[in-house]
Amino acid sequence: MEKFNQLSGIAAPMDLVNIDTDMIIPKQFLKTIKRSGLGVNLFDEMRYNLDGTEIEDFVLNQPAYREASILVAGDNFGCGSSREHAPWAIADFGIRCVISTSFADIFYNNCFKNGILPIVLPEDQRDVLMKDAEKGANARIEVDLEAQTVTASDGTTFSFEVDAFKKHCLQNGLDDIGLTMEKAAAIDTFEASASQARPWV
């Protein structure tokens with residue numbers, strides 16, 4: 001998993017509440033078990049017409065936001081079913097940070113496992129960043145995970161809270177497999193000891 005420490009990027013404004021995981025990645029794309037390749041279908045039903053052409057006024061189809069790496073969203077982002085494909089699609093598109101006033105619990109935890117930083121801010125602070133994001137590609141938002149701050153293009157800075165363990169995992173690029181591999185030496189020692197003690201197993 002890619003490490004996350006600091007991020008400076010274009011933020012896309014998505015001022016919608018209750019964006020659920022089916023909106024993020026519709027059910028017909030859940031057949032894959034690979035984390036890559038889903039970015040093209042992120043927000044599929046909002047991004048494309050039935051004939052596959054782009055819906056021009058959807059934010060991520062606008063030239064200013066095609067390279068967005070931050071999403072500023074409405075309340076209760078990631079609600080609905082617990083599909084991990086949702087953060088897979090977000091990450092594959094290139095978004096590394098989502099800022100909202102609230103997240104669905106399962107989606108929130110899945111973000112950390114997939115290299116995405118979900119930031120919870122009070123409504124008034126989120127609104128400042130939403131307005132900043134509406135400026136387009138000329139406005140870049142700065143995210144500093146170590147300092148736990150988000151800075152708007154005009155220098156306004158907000159602090160956010162994050163669990164120390166989740167922060168450690170993001171900073172070191174550790175998903176569940178990576179965390180397990182940190183214990184590889186201890187696991188090997190245990191297996192060797194168990195093999196000697198119970199050779200018939």
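In which loop is N76 found? N76 sits in the loop between β2 and α3. Helices (H or I, at least four residues) and strands (E, at least two) are DSSP runs, numbered from the N terminus.

Before we go further, a word on the model: it is predicted, so local features need pLDDT of at least 70 and side-chain atom pairs count only at pLDDT 80 or more, while totals for chains, interfaces and linings use all residues. Residues are numbered from 1 along each chain as its sequence is written, and side-chain values use heavy atoms, with hydrogens and water left out.

Back to N76. Its phi is near 60°, a positive value in a residue other than glycine. N76 has a relative accessible area of 28%, so it counts as partly exposed; buried means under 20%, exposed over 50%, and partly exposed in between (1.4 Å probe, protein chains only). N18 also has a positive phi, of about 60°, although it is not a glycine. You can find N18 in the loop between β1 and α1 (21–24), and because its relative accessibility is 41%, N18 is partly exposed.

F77 and F43 have the most contacts inside the largest nonpolar core, which has 55 residues. Such a core is a set of buried Ala, Val, Leu, Ile, Met, Phe, Trp, Tyr and Cys residues joined through side-chain atoms within 4.5 Å. Among the elements that each supply at least two residues of this core are β1 (6–14), β2 (70–73), α3 (85–93) and α5 (123–133). Not counting residues up to four places away in sequence, F77 touches several partners (contact means heavy atoms within 4.5 Å), including I19, F43, L71, I90 and F107.

Next, look at Q148, in the loop between β5 and β6 (149–151). Is Q148 buried or exposed? Q148 counts as buried because its relative accessibility is 16%. The side chain of Q148 reaches the backbone oxygen of F160 at 2.9 Å. Leaving aside neighbours within four places in sequence, Q148 is in contact with F158, S159, F160, E161, V162 and K167.

Finally, find the largest pocket. On a 1 Å grid over the protein atoms alone, a pocket is an open set of points where a 1.4 Å probe fits, with protein on both sides within 12 Å along at least five of seven lines; lining residues have an atom within 4 Å of a point. Residues lining the largest pocket include M1, R35, W88 and N114. About 170 Å³ of space lies in this pocket, the volume being the space filled by probe spheres set on the points.

Note on methods
A polar contact is a pair of N or O atoms within 3.5 Å; within protein, one must be able to donate a hydrogen and the other to accept it, and residues adjacent in sequence count only if both atoms are side-chain atoms.
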